[in-house]
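This report covers the model shown below. Confidence comes first, then overall make-up, then the surroundings of one side chain.

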Amino acid sequence: MNEESNKTASKSDLEKADLKQVLTKLDVDPKTGLSSQEAKTRLTKYGPNAITAKTEPMWLKF
């Protein structure tokens, strides 16, 4: 698998996984969250946690 396929598969796995499994895989303690340093590191590595806007279908515009 290439890197993009791995990201997609990993994302799908996390979407379907049990919450405890997700927290373990992401190495997050739900009681304390991420430290400021870890949050900065992940922001640099992965970018902001933003929802991408979906485009409106052409048929709906009519």
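## Confidence

Among the elements of the protein chain, the lowest mean pLDDT, 58, belongs to helix H1 (residues 3–16), and the highest, 94, to H3. Here pLDDT is the predictor's confidence in each residue, on a scale from 0 to 100. The protein chain averages a pLDDT of 80, and 81% of the residues score at least 70. Over residues 1–9 pLDDT stays under 50, and for this stretch the model has one contact beyond four places in sequence; a contact means heavy atoms within 4.5 Å.

The model is predicted, so local features need pLDDT of at least 70 and side-chain atom pairs count only at pLDDT 80 or more, whereas totals for chains, interfaces and linings use all residues. Residues are numbered from 1 along each chain as its sequence is written, and side-chain values use heavy atoms, with hydrogens and water left out.

## Fold and surface

The protein chain has four helices and zero strands, in the order α-α-α-α along the sequence. Helices (H or I, at least four residues) and strands (E, at least two) are DSSP runs, numbered from the N terminus.

Of the 62 residues in the protein chain, 3% are buried. Buried means under 20% relative accessible area, exposed over 50%, and partly exposed in between (1.4 Å probe, protein chains only). The protein chain exposes about 6,200 Å², with carbon and sulfur atoms supplying 56% of it; areas come from the Shrake-Rupley method with a 1.4 Å probe, and for residues only the protein chains shown count as cover. H3 lies largely in the open, because the number of buried residues among its eleven is one.

A search of the whole structure finds one salt bridge, defined as a side-chain nitrogen of Lys or Arg within 4 Å of a carboxyl oxygen of Asp or Glu. The partners are Arg42 and Glu38, whose closest N and O atoms are 2.7 Å apart. Both are in helix H3 (residues 36–46), four residues apart, which means that about one helical turn separates them. Glu38 is partly exposed, with a relative accessible area of 30%.

## Other contacts of Arg42

Leaving aside residues up to four places away in sequence, Arg42 touches Leu26, Asp27, Val28, Leu34 and Gly47. Its side chain also reaches the backbone oxygen of Leu26 at 2.7 Å.

Asp27, in the loop between helix H2 (19–26) and H3, has a positive phi of about 55° although it is not a glycine. Most residues other than glycine have a negative phi. Asp27 is exposed, with a relative accessible area of 62%.

Methods:
Polar contact = N/O pair within 3.5 Å; in protein donor to acceptor, adjacent residues only side chain to side chain.
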